[in-house]
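I opened this model to look up its sheet, its helices and its charged pairs. My notes are below the display.

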Amino acid sequence: MTERLSAGDVAPAFTLSDADGATISLSDFRGSNAVVYFYPKAATPGCTTEACDFRDSLSSLAAAGYAVVGVSPDEVADIKAFSEAEGLTFPLLADSDGSVARAWGVWGEKTIDGRTFEGVIRSTFVLDGEGVVQRAEYGVDANGHVARLREELGV
């Protein structure tokens with residue numbers, strides 16, 4: 001397990017490719033609040049539920065000053081297909097080597113269907129306009145997560 005972030009920590013910088021191959025950096029979100037969420041694998045049931053919930057909540061989050069960005073260990077082609085299939089209107093970023101996941105403390109051991117392996121632990125971070133972590137949530141459940149987050153943020 002990598003070291004986890006807490007409220008008050010400065011979020012680790014990153015520059016990753018989006019679904020179109022353009023580079024996006026965390027610094028691109030300076031000056032506005034951001035929700036950065038990590039998901040294990042594009043186009044899987046839980047990740048699709050979570051991404052679609054963010055998509056469907058994007059206008060209310062944006063109206064409250066929050067940008068949304070999703071990060072996964074998938075390749076660019078996989079996040080592009082996922083984004084297009086689900087009509088996602090916020091950036092998905094490819095952390096193919098898992099280095100950003102490790103820096104943010106979301107890489108760790110997990111067990112699914114009796115199989116134990118290392119990978120991304122579904123997690124969500126809320127950052128202020130200076131890139132300081134306001135909320136760090138690890139091991140979130142995809143079902144109902146976005147609704148709960150919006151309620152807690154008053155959005």
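These entries go from the ground rules to the sheet, then to the helices and the salt bridges.

**Ground rules.** I am working with a predicted model, where local features need pLDDT of at least 70, side-chain atom pairs count only at pLDDT 80 or more, and totals for chains, interfaces and linings use all residues. Residues are numbered from 1 along each chain as its sequence is written, and side-chain values use heavy atoms, with hydrogens and water left out.

**Sheet.** I looked up the strand order. I found an open sheet of 7 strands, ordered E2-E1-E5-E4-E3-E8-E9, with mixed pairing. Strands E2 and E9 are the edges, each pairing on one side only. From one strand to the next, the twist averages 30 degrees. For the terms, I note that two strands pair if DSSP finds at least two bridges between them. Helices (H or I, at least four residues) and strands (E, at least two) are DSSP runs, numbered from the N terminus.

I then checked one pairing. E1 and strand E5 (residues 92-94) are antiparallel over 2 bridges. Ser 17 has Ala 94 in E5 as its bridge partner.

**Helices on the sheet.** Which strands does helix H1 lie across? Helix H1 (residues 45-63) lies across strand E3 (33-38), strand E4 (66-72) and strand E8 (123-127). H1 runs at about 160 degrees to E4. H2 lies across E1, E4 and E5, at about 165 degrees to E5. Axes here are lines fitted to C-alpha atoms, for helices over the stretch in contact, and angles run from 0 to 180 degrees between N-to-C directions. Contact means heavy atoms within 4.5 Å.

**Faces of H2.** I sorted H2 by accessibility: buried is under 20% relative accessible area, exposed is over 50%, and partly exposed is in between (1.4 Å probe, protein chains only). Ile 79, Phe 82 and Ser 83 are buried in H2. They cover an arc of only 95 degrees around the axis, so they sit on the same side of H2. That arc is taken from the directions between the helix axis and the C-beta atoms. The buried residues of H2 pack against E1, H1, E4 and E5. The face turned away from the buried side carries the exposed residues Ala 77, Glu 84 and Ala 85. Just after H2, I noted a positive phi of about 60 degrees at Gly 87.

**Salt bridges.** How many salt bridges does the structure hold? I count 9, each a side-chain nitrogen of Lys or Arg within 4 Å of a carboxyl oxygen of Asp or Glu.

Lys 80 bridges to Asp 20, with the closest N and O atoms 2.9 Å apart. Lys 80 is in helix H2 (residues 76-86) and Asp 20 is in the loop between strand E1 (15-18) and strand E2 (23-25), so the pair ties together parts 60 residues apart in sequence. Lys 80 is partly exposed at 30% relative accessibility. Asp 20 is exposed at 62%.

Arg 135 bridges to Glu 152, with the closest N and O atoms 2.3 Å apart. Arg 135 lies in strand E9 (residues 133-138) and Glu 152 in helix H4 (residues 145-153), so this pair ties together parts 17 residues apart in sequence. Arg 135 is partly exposed at 26%, and Glu 152 is partly exposed at 38%. I also logged a network of salt bridges that links Arg 135, Glu 137, Arg 148 and Glu 152.

Asp 56 bridges to Arg 55, with the closest N and O atoms 2.8 Å apart. Asp 56 is exposed at 53%, while Arg 55 is partly exposed at 25%.
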